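Please keep the sequence and the structure in view while reading.

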Amino acid sequence: MADSHDSTEVSLPEWKGIAEAGGIESWIHRELERRQLIEEVDYASLSKAEKKAYKARRDEERRVRRLLRKHAWQAYKKAHVVHLGRGVFYHDTPDYDRYDIDGREERLADNALPEIADASALAEALGITVPTMRWLAYHREVDSGTHYRRWTVPKRDGRRRLISEPKPQLKEAQRWIAREITDHLPVHGAAHGFLAGRSTVTNAAVHAGARIVVKLDLKDYYPTITTPRVKGMFRKAGYGEQVATLLAMLCTESPREEIELDGKTWYVATGPRSLPQGAPTSPSITNAISLRLDLRLAGLARKMGFRYTRYADDLTFSHHQRSEAPIGSLFRLVGQIVVEEGFEVHPKKTRVMRSGSRQKVTGLVVNGADGAPAARVPRSVRRKLRAAIKNRELGRPGEGESLAQLRGWAAYVYMTDPAKGRALLDRLAALGGESDEGGTDG
């Protein structure tokens, strides 16, 4: 029997051994027996000295029992998530959920998604420990730290768009989720944003030569896709409640305000958790969650004689027939479907463009002179780019743009018009020995 009161006599166990013993209480009882701290005696028959020794052993048993329970709980937390923050429903029993859908394994197989049984399996797949995963997914209304770097960029309507870029450890986890799960989820053919082989060019080309082009925007698209919707998407994909909750928490975050108080910085949530614009998982999740929206809008467009595409939050419809386009009915029915699918049309970003004026779709012109590409960069942009290149060739100062930026614009022109784009890229290649400094690269 151990009679040292040094707590190091009880080493931290692995949860697997505790579980194999039948749980915490069974494991504690087994450990106490192994240490000979559990014994049955007739207390009344003991002498005074024996009673004193017996009480000392009972004190030791209680001390070791407390220590064993503390270590067992530490082992449990090392292997389980336990809790994900106030207001977040989570449980550590993945083997039962009355809301589980039928055929989960078949759904995973249909989309070539990895089977993930529980939190431990997810952490192992992500290459991190369960405590680290809990730390990355945990929600606090007021937090002393943040997993994101935040800044804003101007929007066309004058407001500011929040960009939230995950820090390296969370970004790596999100990249795995995108690569192995969300990039494999079904997407409608009308979606053109953030998909291999599709772009603003393929999106715009669908509407080339239209008599009428109608553009609508979804208001607050990313903030509208909140954690419950993301969790529902993972459930529908075939994951159980426990894993779906963790995946959703890893892929969402609240908008936060940075506050200084008593010399310390706090990050205060100003809204519900939703998809951060800047996370690797957000584009593929938006496309997957918008599948039903795209299905309904594509069906409506086909029925009314329109073509339909979506690039992120930009919805575009075009009418190519000689018959009168039912624009009023289109607006009404699109608005109804959008609301039913949990989104909202931006009232100030709706445009109707007829063939007699310039028609632009995702920044590209889709009407104009015969023989022109189906979708092309506006002439004003090409003219500005040619002027910037000419200034470089003549050794004149630019307007702050770098050679890398000019190459990017030229590559964009090349996407829509290879002949014009190649000529611009060749001219820039001749300037390739210059460095980016002071607005000129010379």
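In this predicted model, Glu105, Glu106, Asp110 and Glu115 form a negative surface patch. Glu106 is found in helix α4, which covers residues 104-110. The relative accessible area of Glu106 is 49%, so this residue counts as partly exposed.

**Salt bridges**

- Glu253 and Arg273 form a salt bridge through their side chains, at 3.3 Å from N to O. This pair links distant parts of the chain, 20 residues apart. Glu253 is in the loop between α11 (241-251) and β5 (256-261), whereas Arg273 is in the loop between β6 (264-269) and α12 (282-289).
- Both members of the pair, Glu253 and Arg273, are buried.
- A salt bridge also joins the side chains of Asp417 and Lys420, with 3.5 Å from N to O. Asp417 has a relative accessible area of 13% and is therefore buried, while Lys420, at 42% relative accessibility, counts as partly exposed.

**Aromatic pairs**

- How many aromatic pairs does the structure hold? There are six aromatic pairs.
- One of them is formed by Trp73 and Tyr76, whose rings are stacked, with 5.4 Å centre to centre and 10° between the planes.
- Trp73 and Tyr76 both lie in helix α3, where they are three residues apart, about one turn of the helix.
- Is Tyr76 buried or exposed? Tyr76 is buried, because its relative accessible area is 18% and buried means under 20%. Trp73, at 41% relative accessibility, counts as partly exposed.
- In the pair of Tyr221 and Phe343, the ring centres are 5.5 Å apart and the planes stand at 45°, so the pair is tilted. Tyr221 lies in helix α9 (residues 221-224), and Phe343 lies in the loop between α14 (327-340) and β9 (351-354). The pair therefore ties together parts that are 122 residues apart in sequence.
- Tyr221 and Phe343 are both buried.
- Ring pairs also link Trp15, Trp73 and Tyr76 into a cluster.

- Most residues other than glycine have a negative phi.
- Gln36 is placed in the loop between α2 (24-34) and α3 (48-79).
- Gln36 counts as exposed because its relative accessibility is 51% and exposed means over 50%.
- The place of Phe194 is in the loop between α7 (168-180) and α8 (200-205).
- With a relative accessible area of 45%, Phe194 is partly exposed.

**Separation in sequence and in space**

- Glu33 lies in helix α2. Glu33 is partly exposed, as its relative accessible area is 45%.
- Along the sequence, Glu33 and Glu61 are 28 residues apart, and in space their C-alpha atoms are 9.9 Å apart.
- Where is Val366 placed? Val366 is in the loop between β11 (364-365) and α15 (379-393). At 3% relative accessibility, Val366 counts as buried.
- The C-alpha atoms of Val366 and Val377 are separated by 9.3 Å, and the two residues are 11 residues apart along the chain.

Key:
Residues numbered from 1 in each chain as written. Predicted model: local features only at pLDDT ≥ 70, side-chain atom pairs only at ≥ 80, totals over all residues. Heavy atoms only, no water. Helix = DSSP H or I, 4+ residues; strand = E, 2+ residues; numbered from the N terminus. Buried < 20%, exposed > 50% of the residue type's maximum accessible area, 1.4 Å probe, protein only. Patch = residues over 30% accessible without salt bridge, like charges linked within 9 Å, V, L, I, M, F, W, Y side chains within 5 Å. Areas by Shrake-Rupley, 256 points an atom, 1.4 Å probe, with all protein chains shown as cover. Salt bridge = Lys/Arg side-chain N within 4 Å of Asp/Glu carboxyl O. Lys, Arg positive; Asp, Glu negative; His and termini not counted. Charge placed at Lys NZ, Arg CZ, Asp CG, Glu CD. Phe/Tyr/Trp six-rings, centres within 6.5 Å; stacked < 30°, edge-to-face > 60°.
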